[in-house]
Amino acid sequence: MNDNSGQIDSSISTLKQDIAAYQEQTCSGVMIDIGALPDRIVELQNHVQNSPREQRMRYTHLMAQLLAALDDLSHEIQLRHDVLAKDMMPLERAGGKE
């Protein structure tokens, strides 16, 4: 990707859609793989930083929205983890008695 604003807009949009899909899957209890997200976000941030000054503020705002969506996903993953841990606690206790 270069400094082309169309490509940056497209990348931001695609990443937001992916995060929204991950959020939906997480809410449904589907296991997700977000391993590629950090590299994609760093690459996108590099392109935003190298974008023309007059577009950088808009991209910075869009990146902030993207990071907020990522934060929401993180909270949902933590919530699902906490529920799973709570559900497993009685099983672990019962398993220790056998």
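Buried means under 20% relative accessible area, exposed means over 50%, and partly exposed lies in between, with a 1.4 Å probe and protein chains only. By that scale Arg-40 is partly exposed at 27% relative accessibility. The model is predicted: local features need pLDDT of at least 70, side-chain atom pairs count only at pLDDT 80 or more, and totals for chains, interfaces and linings use all residues. Residues are numbered from 1 along each chain as its sequence is written, and side-chain values use heavy atoms, with hydrogens and water left out.

**Salt bridges**

- The structure has three salt bridges, each a side-chain nitrogen of Lys or Arg within 4 Å of a carboxyl oxygen of Asp or Glu.
- Arg-40 pairs with Asp-18 at 2.7 Å, N to O.
- Arg-40 is in helix 2 (residues 37-49) and Asp-18 in helix 1, so this bridge ties together parts 22 residues apart in sequence; helices are DSSP runs (H or I, at least four residues), numbered from the N terminus.
- Asp-18 is partly exposed, with a relative accessible area of 23%.
- Asp-9 forms a salt bridge with Arg-58, the closest N and O atoms being 3.2 Å apart.
- Asp-9 lies in helix 1 (residues 5-27) and Arg-58 in helix 3, so the pair joins parts that are 49 residues apart in sequence.
- Arg-80 and Glu-76 meet at 2.9 Å, N to O.
- Arg-80 and Glu-76 are four residues apart in helix 3, and therefore separated by about one helical turn.
- Glu-76 is buried at 12% relative accessible area, whereas Arg-80 is partly exposed at 36%.

How values were computed: Helix = DSSP H or I, 4+ residues; strand = E, 2+ residues; numbered from the N terminus.
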